Amino acid sequence: MRICLLCPEPTAWGDVRPAVAALAAALAGEHEVEVVRSGVEPVAEPPPLDFACPDHLHSALALEAIRAVYGSEGPDYLEVPDFRGHGLVPLQARLGGEPLLARTTIAVRVLAPTELTCLHDGTLDEPARRRTAGLEREQLRLADAVLWPGLDGLEVQRRYRPDLELPPATRLPLPVPAAAGHGGTGGPAGAPLRLLYLGPLQRHRGALDLAEACFALPADDWELTFAGADTETAAMGQSVRLTIEAMSGEDPRIRFEGELSAEELERRAGEFDLLAAPARFEVDSSRALTAMACGLPVLATPVGSLAEAVEPGVSGWQTSGIGAAALTEALALLLADRAEAARLRASGAPAERAARLADPERVRAGYRTFLADRSAVPDPAVGEEPLVTGVVPYFAAAEYVEEAVASLLDQTHRNLRVLIVNDGSFGGADAVVLERLAADPRVTVVTQPNRGESAARNLGARIAAGEFLVLLDADNVLEPAFVESALAAFRRRPDLAYVTCWLRKVADDGGELPEPAGYAALGNGVLREEEPENWDGDALAMVRRSILLDPALGYDPHGAMHNDWGLYRAFREAGLLGTVIPRRLARYRIAPRSISRSHAELTRRRGWQEVAQWNALRGVRWTAEAAR
C-alpha cells in the first residue's frame with residue numbers, strides 16, 4: 001500500500017518530526033512510505049491569494065507537495081497530524097472531487113494540537129494561532145478517522161473541546177527508536193538525585209512546575225538538567241529559561257542544554273537517575289518512552305498517554321496530580337528512599353515496558369488491521385444529475401450579466417437552469433440585455449420592485465426549481481467545473497449546507513489585478529471568533545434550496561453589507577456547516593463601485609454590527625463579541 005505521512009515543520013509550540021520519522025521507519029518494511037514535509041520551502045509557487053493565516057497557506061502548499069510526489073494518482077492512505085492543520089486543504093480538495101485524492105483514505109493523528117498546547121501556555125490570544133486551531137478542528141471534522149496513541153489521549157480532546165466533531169476513532173500506538181541497552185545503573189551511593197527534563201521548555205509541559213517543585217524540596221541533594229529549546233511561554237510571554245534562572249538565582253544544581261536525540265540520550269543515559277515528565281497537558285508520550293527504552297524510569301503526571309506508559313513501581317512513578325505541589329510530594333519520597341529509584345534504574349523494567357508499548361511490530365500489526373478495514377475510499381454514486389438553478393440578482397449590470405449567465409450555462413454539469421431576479425432596474429440597456437437573455441429557454445427573468453440584492457436572492461430561492469441553488473452575482477463569473485465539483489462535495493457529505501470556492505479577483509474589464517489577486521475562503525466551520533472579518537465565504541455558493549426557505553435562515557432583506565457573511569454565521573449557529581473547494585473556480589470582479597474599494601474599515605465594521613443584530617433579532621444565537 002502507498003502511504004503518505006504529512007510532517008509539518010516544528011514551531012515554538014510543537015514538533016512532530018520524531019514521531020512521524022519513527023512511524024515511517026516502522027511501516028516502511030511492509031508499505032511504500034513517503035514523508036511529505038510541509039511548512040518549509042514550497043515545491044510550487046504560492047498561489048496569489050489572501051489566506052486566513054500562515055498555516056492556511058502551508059496547508060495549500062501541502063497539497064501541492066503531495067502532488068509533486070505522487071503526480072496524478074495520489075496515495076492509498078494519507079495520515080496528517082492534528083498539529084498546525086496542514087491536512088485541511090487536501091481534505092477540502094478531496095471533498096470537491098480532486099482526482100489526486102479521490103481514492104485516498106485520510107486520517108488525522110492526535111499528537112500535539114495547537115489549540116490545546118497554546119491554551120495551556122497562555123498564548124492562544126494571538127489571531128494566527130486561533131486560526132490555526134480552527135484549521136485543526138475542521139480537518140478532524142472532514143477526516144475519515146482519528147488515530148490516538150493510548151489511554152487518555154483521545155478523552156483529553158473531548159474534555160477541553162466538548163463541541164469537537166470527531167470521526168471514528170482508532171487506537172494505534174506510535175513506535176519509538178529502539179535502544180541497544182538501558183545505559184547504566186545510575187549514580188553512585190550518596191550522589192545527588194539526577195533529574196532530566198527532555199523537550200521544549202514550555203509551560204504546558206510543566207517545565208516551570210518542575211523547577212518550582214525542586215526549589216521547594218526539603219533536601220538539596222538533587223540536580224536538574226533541562227534538555228530542550230527555550231520558548232516564550234512563561235507568564236506574559238516571557239522566556240521559560242530566563243524565568244527559571246530568575247527563580248533559581250543561578251543555582252548551580254540547574255543546568256540547560258539543547259534537546260537530546262534518541263541516540264544522544266542512549267549514550268548519556270548513565271548520567272541521569274530518572275526522567276521527569278511533569279506535563280500539565282500531553283497527548284504523545286514518545287519522549288518518555290524513548291527515555292524508558294534507554295533504561296530511565298519516569299516520574300510523570302497522570303495526563304495523556306503518560307498515564308499508560310508509566311506503570312507505578314515498574315517503569316516509574318505517577319504524581320497524585322498536576323502542578324508543582326504534586327511534583328514536590330513525589331520527589332520528596334524519592335529523595336527519602338533513594339533505594340527505590342536505584343532499584344527501578346537497575347531492573348531493566350522501564351526498557352522492557354517501552355519495548356512492549358512501542359514495539360514496531362505491534363504498530364505494524366495495528367496498521368494492518370486498520371488499513372484492511374479501510375480500503376480505498378469509494379467514489380460516491382453519481383446517479384441522475386440533479387436539477388440546479390443559478391439565481392442571479394440583477395441591478396444595472398448590463399455590461400456584465402451576459403458573461404455571468406453564460407458561465408452558468410457552460411457548466412460541465414448540464415442539468416441547469418438560470419433564474420435572473422431583476423431588482424427594479426428599468427433602464428434602456430437593462431431591458432435590452434434581459435430580453436436577449438430571456439430568449440434562451442433555459443433562462444427565466446422575473447422582476448420585483450427595487451428592494452435590494454438580498455431580497456432578490458430570497459425571492460429567487462422561493463420560486464426556483466431543483467434541490468440546489470447556485471448564487472451568482474451579475475458581475476461575477478464561474479469556471480466550468482464549479483457546479484460539478486460542488487455536487488461532488490454534497491454527495492460525499494450530504495450534511496453540508498453550502499459549498500463555495502476560492503476566488504480569482506479580476507479588474508472591472510476582466511483583466512488581472514496585482515497580487516494577491518484572490519480570496520481563499522475557509523468555510524463557516526473553521527473560525528468561530530466573532531471578528532468582523534469574513535473567511536466563511538463569498539455569496540457565490542451552491543446552497544440547499546430548502547435551507548434558504550427557512551425564514552430564520554434566509555438573507556437579511558434590510559442589511560446593506562455583509563449579508564453573505566451574516567447568512568453563513570446564521571447557518572453555523574443553527575448547526576449547518578459548509579465547505580470550500582480549494583480551487584479558484586470563480587472570477588470575482590472588483591468594480592469601481594465595489595464595497596471593498598469604496599467603503600472604509602469603520603463602515604464595514606458598522607455593516608457587520610448590523611448583520612449581527614439582525615441575526616439576534618430573528619432568533620439566531622449571537623455573541624456580544626460581534627459588536628466590538
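Predicted model: local features only at pLDDT ≥ 70, side-chain atom pairs only at ≥ 80, totals over all residues.
Helix H7 runs over residues 207–215, and seven of its nine residues are buried, so the helix is largely enclosed by the rest of the structure. The buried ones are Ala207, Leu208, Asp209, Leu210, Ala211, Ala213 and Cys214. What covers them includes three strands, E7 (193–198), E8 (222–227) and E10 (274–277). Two helices are also among the cover, H8 (240–248) and H12 (324–336).

Some background on the chain. The protein chain has 628 residues, and 58% of them count as buried. It holds 23 helices and 21 strands. Take the contacts between residues at least 6 apart in sequence: 78% of these join residues at least 24 apart. The accessible surface comes to about 24,300 Å², with 52% of that belonging to carbon and sulfur atoms.

Now to H8, one of the elements covering H7. Which residues of H8 are buried? They are Val240, Ile244 and Ser248. Seen down the helix axis, these buried residues fall within an arc of 65°, so they line one face of H8. As a reminder, an α-helix has 3.6 residues a turn, so residues three or four places apart point the same way. The buried residues of H8 pack against H7, E8 and strand E9, which is 254–257. On the other side of H8, Leu242 and Ala246 are exposed.

Next, the two ends of that helix. Ser239 sits in the loop between E8 and H8. Is Ser239 buried or exposed? Its relative accessible area is 11%, and the cut-off for buried is under 20%, so Ser239 is buried. Leaving aside residues up to four places away in sequence, Ser239 touches Asp230, Thr231, Glu232 and Ala234. With Asp230 there is also a side-chain to side-chain polar contact of 2.5 Å. At the start of H8, a side-chain oxygen of Ser239 comes to within 3.3 Å of the backbone nitrogen of Arg241. At the other end, just after H8, Gly249 takes a positive phi of about 60°.

To recap: H7 has seven of nine residues buried, so it is largely enclosed. H8 is part of what covers H7, and the buried residues of H8 line one face of that helix.

Definitions and conventions
Residues numbered from 1 in each chain as written. Heavy atoms only, no water. Buried < 20%, exposed > 50% of the residue type's maximum accessible area, 1.4 Å probe, protein only. Helix = DSSP H or I, 4+ residues; strand = E, 2+ residues; numbered from the N terminus. Contact = heavy atoms within 4.5 Å. Areas by Shrake-Rupley, 256 points an atom, 1.4 Å probe, with all protein chains shown as cover. Polar contact = N/O pair within 3.5 Å; in protein donor to acceptor, adjacent residues only side chain to side chain. Arc of directions from axis to C-beta.
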